[in-house]
Amino acid sequence: MDKINEARELLKMLGMPKAQQADICCYVLLAMAGIKQDTLWKDAGNEWIRIHDIIQFANTYYGSTYAENSRETFRKQALHHFRNAALVEDNGKATNSPNYRYRLTEETLQMVRAFQTSEWQKSMNRFLMDHEKLVDIYASKKKMTMMPVHINGVDFQVSAGKHNELQRAIIEEFAPRFAPHSECLYVGDTTEKDLVKNVFKLGKLGFQITLHDKMPDVVLYREDKNWIYFVESVTSVGPMDSKRILEITEMTKNVTAGKIFVTAFLDFKTYKRFSETLAWETEVWIAEMPEHMIHLNGDEFLGPR
């Protein structure tokens, strides 16, 4: 096993996330420990070094071709996470100072020197007793930022963020008011594309969905009126403009239920940004004033056209 893969194995055993087992992270560990291809791990060091020195080390001893303008990549992809995992420390200088440097902590150094020896397991266990694995820290942080949403009588957890916050409002605030007794047939999450997808019911209604189709953010079906609501959750892009109406109409050409097109916004300020692009014969719902709707038509209120 060459030194890059050995470094990767070390990072993996320490519980670093997959992204922090990439080659660039291996180069950082090797450079900070001064490990060349023929250096033994027991001879590792922890001199104070700059990111410039790390790049030069990787290029000189491991044949990489990183340019000086990749310093921020090294900082964000490797060193930032290494510090979160208590593997490295800095010298306390301002980050834009030419004297700003990093090094392995003393306990990391002792652990690295034990790698591939009979003391490795004991040394690693001792380190992990004092420092939680980074993969667990990040998983816990992600879990803490999840947001509950109640869909079709079932509780789901979605990732936090304005887009999902608005989708939750559509399901929990819009639907009971303007689509009473409706069933949510589809809703996506920003990290899990198809959080809810009732393929059977969608197919029964006439949907023919391919991998290339971009579903509306939320699809609701009201059986008593045979109405289907296509709702776009708009925080930055994607209102119900004429182009989007044509896309959804083509995707649902075999759907015979009455179709209602709704653009949802978190606040009136966001609505004003998109007001000139919204298609006629569509509806607007704003979460900060959930009791009301804006009807972009002149002849009737909420209902299929």
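**Salt bridges and labels**

Reply: Let's start with a charged pair: the side chains of arginine 75 and glutamate 72 meet in a salt bridge, 3.1 Å from N to O. Bear in mind that this is a predicted model, where local features need pLDDT of at least 70, side-chain atom pairs count only at pLDDT 80 or more, and totals for chains, interfaces and linings use all residues. Residues are numbered from 1 along each chain as its sequence is written, and side-chain values use heavy atoms, with hydrogens and water left out.

Me: Why is arginine 75 called partly exposed?

Reply: Buried means under 20% relative accessible area, exposed means over 50%, and partly exposed is in between (1.4 Å probe, protein chains only). Arginine 75 has 23%, so it is partly exposed. Glutamate 72, with 38%, is partly exposed too.

Me: How do you know that arginine 83 and aspartate 90 meet in a salt bridge?

Reply: Their N to O distance is 2.3 Å, so the pair passes the distance test. Arginine 83 has a relative accessible area of 34% and is therefore partly exposed; aspartate 90, at 26%, also counts as partly exposed. Elsewhere, salt bridges that share partners join Glu232, Lys243, Arg244 and Glu247 into one network. A search of the whole structure finds 17 salt bridges.

Me: What about lysine 3 and glutamate 6: how far apart are they in helix H1?

Reply: They are 3 residues apart in helix H1, which means about one helical turn separates them.

Me: Why is glutamine 116 called exposed?

Reply: Its relative accessible area is 52%, so it gets the exposed label. Glutamine 116 is found in the loop between H5 and H6, and its phi is near 70 degrees, a positive value in a residue other than glycine.

Me: And why is asparagine 226 called partly exposed?

Reply: Asparagine 226 has 32% relative accessibility, so partly exposed is the label. Its phi is near 55 degrees, again a positive value in a residue other than glycine.

Key
Helix = DSSP H or I, 4+ residues; strand = E, 2+ residues; numbered from the N terminus. Salt bridge = Lys/Arg side-chain N within 4 Å of Asp/Glu carboxyl O.
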